[in-house]
Amino acid sequence: MQVDIGIDAKTRNDIASGLSKVLADTYTLYLKSHNFHWNVTGRMFQTLHLMFEQHYNELALAVDEIAERIRALGFPAPGTYRQFAALSSIEEDDGVPTALEMVRLLVAGHETVARTAREVFKVAEAANDQPTCDLLTQRMQVHEKTAWMLRSLLEE
Ligand SMILES: [Fe+2]
């Protein structure tokens with residue numbers, strides 16, 4: 001059956017394409033956070049190991065919400081590492097960064113997802129797509145708050 005929710009197919013496609021980028025960014029940041037949870041060392045080990053775990057757990061739930069919004073709009077959700085690598089704006093890291101470098105990389109990652117979500121928000125807002133606007137607002141809130149908390153670790 002055709003999707004008939006009051007947003008035309010071309011616009012739904014535009015929104016789904018934007019959400020696919022948010023999904024790819026979020027999945028890449030999920031993996032980065034989990035990687036850093038495993039590999040962090042140093043005096044801040046306990047704090048960062050636990051904090052990164054909270055982050056990847058939150059991101060794992062978020063990818064499901066984003067993918068299912070793409071499905072509700074009538075399009076397939078990307079779900080392979082190849083697709084995510086092509087769609088993501090977040091770089092993967094080589095080797096094991098120092099603890100403070102991990103924090104910096106995660107600040108940058110959270111800020112990147114916030115920027116991607118903010119771009120897609122414009123498209124969703126113009127299309128009167130409230131559920132996508134709501135989802136993106138929640139995601140921006142989480143990423144901006146998390147970026148602030150991580151950034152605070154870098155200050156004296
Ligand atoms: Fe663990």
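Contact here means heavy atoms within 4.5 Å. Helices are DSSP runs (H or I, at least four residues), numbered from the N terminus. This is a predicted model: local features need pLDDT of at least 70, side-chain atom pairs count only at pLDDT 80 or more, and totals for chains, interfaces and linings use all residues. Residues are numbered from 1 along each chain as its sequence is written, and side-chain values use heavy atoms, with hydrogens and water left out.

**Helix H5**
- H5 covers residues 130-153, 24 residues in total.
- From first C-alpha to last, H5 reaches 35 Å, close to the 34 Å expected at 1.5 Å a residue. The expected span is 1.5 Å times one less than the number of residues.
- Buried residues of H5 include Leu135, Arg139, His143 and Leu150. Buried means under 20% relative accessible area, exposed over 50%, partly exposed in between (1.4 Å probe, protein chains only).

**H2 against H5**
- The H2 and H5 axes come within 11 Å and cross at roughly 165°. Axes are lines fitted to C-alpha atoms, for helices over the stretch in contact, and angles run from 0 to 180 degrees between N-to-C directions.
- That angle makes H2 roughly antiparallel to H5 (over 145 degrees).
- H2 passes H5 in a left-handed crossing: the near helix is turned anticlockwise from the far one by less than a right angle.
- On the H2 side, the contact residues include Phe52, His55, Glu58 and Arg69. They face H5 residues including Thr132, Arg139, His143 and Leu153.
- By class, this H2 and H5 contact has 11 nonpolar, 4 polar and 4 charged residues. Ala, Val, Leu, Ile, Met, Phe, Trp, Tyr, Cys and Pro count as nonpolar, Asp, Glu, Lys and Arg as charged, and the others, Gly among them, as polar.

**H1 against H2**
- H1 and H2 pack at about 160°, with axes 8 Å apart.
- They are therefore roughly antiparallel to each other.
- Their crossing is left-handed.
- The contact of H1 with H2 has 17 nonpolar, 7 polar and 2 charged residues.

**Two single residues**
- Threonine 116 is in helix H4 and is buried, with a relative accessible area of 11%.
- Not counting residues up to four places away in sequence, threonine 116 touches Lys21, Val22, Asp25 and Ser89.
- Asparagine 128 is in the loop between H4 and H5. At 55% relative accessibility, asparagine 128 counts as exposed.
- Phi of asparagine 128 is near 65°, a positive value in a residue other than glycine. Most residues other than glycine have a negative phi.

Technical notes. Helix = DSSP H or I, 4+ residues; strand = E, 2+ residues; numbered from the N terminus. Parallel < 35°, antiparallel > 145°, perpendicular 65-115°, else oblique.
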